Amino acid sequence: MDYFIQQSLNALSFGAEYALIALGLAIVFSIMGLVNFAHGEVIAFGGYSMVIMGTLLTNNPLVLIVGVIVACVLASVALERIAFRTVRGRT
């Protein structure tokens with residue numbers, strides 16, 4: 001029974017991540033008209049920043065969550081400024 005519950009939670013977490021990725025692609029494409037495949041890079045950046053902050057700063061989960069959200073927002077803004085602003089409006 002434990003195995004079934006664990007696999008159900010794994011499937012739910014993977015499904016939620018896939019839904020968020022699809023939703024992000026759809027929203028960005030409908031607003032900007034550009035296809036953004038940088039979600040994986042932002043998620044990986046969040047994972048690396050969580051490991052670095054957890055190793056160097058603190059193991060407090062609330063601080064890690066807030067720090068990772070801030071790091072991912074800053075990475076997303078940097079991607080938009082560097083990559084997407086230069087391409088927007090071109091053929």
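Which residues in H2 meet which residues in H3? Before I answer, please keep in mind that this is a predicted model, in which local features need pLDDT of at least 70 and side-chain atom pairs count only at pLDDT 80 or more, while totals for chains, interfaces and linings use all residues. Residues are numbered from 1 along each chain as its sequence is written, and side-chain values use heavy atoms, with hydrogens and water left out.

Helices here are DSSP runs of H or I with at least four residues, numbered from the N terminus. On the H2 side we have Val42, Phe45, Gly46, Ser49, Met50, Met53 and Gly54, and these meet Leu64, Gly67, Val68, Ala71, Cys72, Ala75, Ser76 and Leu79 in H3, where contact means heavy atoms within 4.5 Å.

As for the geometry, H2 and H3 pack with their axes 9 Å apart and at an angle of about 140 degrees, the axes being lines fitted to C-alpha atoms over the stretch in contact, with angles running from 0 to 180 degrees between N-to-C directions. That makes H2 oblique to H3, because angles under 35 degrees count as roughly parallel, over 145 as roughly antiparallel, 65 to 115 as roughly perpendicular and the rest as oblique.

Leaving aside neighbours within four places in sequence, Met53 is in contact with Thr58, Leu64, Gly67 and Val68.

Notes
Helix = DSSP H or I, 4+ residues; strand = E, 2+ residues; numbered from the N terminus.
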